[in-house]
Amino acid sequence: MTTANQNLKPVTTKINAKGNLEIGGCDLIDLAEQYGTPLYVFDEQTIRTIAREYKQAFKAYPKVSMLYASKAFMTKAVVRILDEEGFGFDMVSGGEIYTAAAAGANMKKCLFNGNNKSYDELQMAVELGVGLISVDNFLELALLNEVAKSNNKTVDILLRVTPGIECHTHEYIQTGHLDSKFGFDLTQVDEAVELILEEYQNLNPVGLHAHIGSQIFETNIYYDEVEVLLKEAGRLKEKYSLNLTHINLGGGLGIKYTENDCPPSINEIAEKIISSIKDNAVKYNVEEPEIHIEPGRSIIGTSGVTLYTVGSSKQVPKGRKYVAVDGGMADNPRPSLYQAVYTADVVDKPVAEPVETVTIAGRFCESGDILIKDIKLPVLKEGDILCFYDTGAYGYSMASNYNRVLKPAAVLVNNSQSDIIINRESYEHLTACDVIPDRLKNKA
Ligand SMILES: *Cc1c(COP(=O)(O)O)cnc(C)c1O
């Protein structure tokens, strides 16, 4: 059975009677006219479908909680949708914690994670009752214990570890191999546990946390990850009589960005994880743990598309043809950051013969601001609207104001209705934090 992370397009994508692309029952030409471009469009049905596919895939193992990795794309409306679907939130900053709380997330179901959390952020997490804190390093053990003590609380923690598993993904998005900035090396876990048991009375260690990378297409590494964590839990049980009941496996499942990508289904990942728990809980003499799954990209990536308007173009004599759009690396840094590959359609000619190979360039002042290198499309003209697929994850969440360009708006579509979920920035927003010192003020 396939799951929607294996689709290239949102589940509601259609060609309508006018011959235009439609998502969530909304004609994309109409959305571009109504809201302007660049525009992020998120399909609510795709988000909910994938969230339910995750829950369904783990039906056979009831001791599971789903946490959405907020860093993929977080806004209050997304928190509402995933809270309704029963998800908690994996959060990595005060800003993400604030957003989750402001949108009414169940903070007990949430986890605070990150390799350099500040005292103030830890304080905020403890005050707001975030259910679990994944402690990354020795400094944080000391800081968090201090914060917990000053709040008269005992805080449930996971120890973030690097399981030493290499996966075949881009170097910058690998996190689980040994030489990583995240988490305790397995050889440092004993020292951390001894400190907790002997000195840090306000920390209650309940489990282990790992995350092995992102845009993962292999399924066996999830089997291996569970084994490494259960083996470690068994070892700590034996050595310290420490009963670790929770295993957080992180996220990382890949999505389909182009026709060449064949990510596994959510069910295949779930089967590997469950079979590894069944095998390894026995092998390492631990109880079957509560598990946490933290998908980010695979929940939100496929649901989002970006609409751009075509502007100028340039044919390099005997070279490439560049077609520029009104967005680029500031709203989608992934092509320049990771050489990420995308695919796109012309919104009012989705089935026209692709006759011309062009390179879609962004509008920002960097030669590297190329969104798609060499894509075959129908002949493009100024004013055409392009729909880029699979921009839901790590697009808006990594967006910047480079060149002082305003961040785009985002709309949520469902049942032929579209609603703004992020307003387009204005020049007033853009300059709201700027201050001119008195001595530089124009005296005139
Ligand atoms: C980034 C991250 C995730 C989500 O990764 P995806 O590839 O977006 O699923 C989950 N857990 C942790 C700890 C992360 O750092």
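User: Which residues in H7 meet which residues in H8?

Analyst: On the H7 side, Val-189, Asp-190, Val-193, Glu-194 and Leu-197 meet Glu-232, Arg-235, Leu-236, Lys-239 and Tyr-240 of H8 (contact means heavy atoms within 4.5 Å; helices, H or I of at least four residues, and strands, E of at least two, are DSSP runs numbered from the N terminus). The residues of this contact divide into five nonpolar, no polar and five charged (Ala, Val, Leu, Ile, Met, Phe, Trp, Tyr, Cys and Pro count as nonpolar, Asp, Glu, Lys and Arg as charged, the others, Gly among them, as polar). The model is predicted: local features need pLDDT of at least 70, side-chain atom pairs count only at pLDDT 80 or more, and totals for chains, interfaces and linings use all residues. Residues are numbered from 1 along each chain as its sequence is written, and side-chain values use heavy atoms, with hydrogens and water left out.

User: At what angle do the axes of H7 and H8 cross?

Analyst: Two packed helices are described by the angle and the distance between their axes. The axes of H7 (residues 189–198) and H8 (residues 220–240) come within 12 Å and cross at roughly 50 degrees (axes are fitted to C-alpha atoms over the stretch in contact, and angles run from 0 to 180 degrees between N-to-C directions). H7 and H8 are therefore oblique to each other (under 35 degrees is roughly parallel, over 145 roughly antiparallel, 65 to 115 roughly perpendicular, the rest oblique). Their crossing is right-handed (the near helix is turned clockwise from the far one by less than a right angle).

User: How do H5 and H6 pack?

Analyst: H5 (residues 119–127) and H6 (residues 138–150) pack at about 45 degrees, with axes 10 Å apart. That makes H5 oblique to H6. The crossing of H5 and H6 is right-handed. Tyr-119, Leu-122, Gln-123 and Val-126 of H5 meet residues of H6 including Leu-143, Leu-144 and Val-147.

User: In what order do the three strands of the open sheet stand?

Analyst: The order is S1-S2-S3, with antiparallel pairing (a pair needs at least two DSSP bridges). S1 (14–15) and S3 (26–27) are the edge strands, each pairing on one side only. S1 pairs with S2 (residues 21–23) over two bridges, and Lys-14 stands opposite Glu-22 in S2.

User: Which residues of H3 are buried?

Analyst: In H3 (residues 76–84), the buried residues are Val-78, Val-79, Ile-81, Leu-82 and Asp-83 (buried means under 20% relative accessible area, exposed over 50%, partly exposed in between, with a 1.4 Å probe and protein chains only). Their cover includes H2 (44–57), S5 (64–69) and H4 (94–102). Just after H3, Gly-86 takes a positive phi of about 90 degrees.
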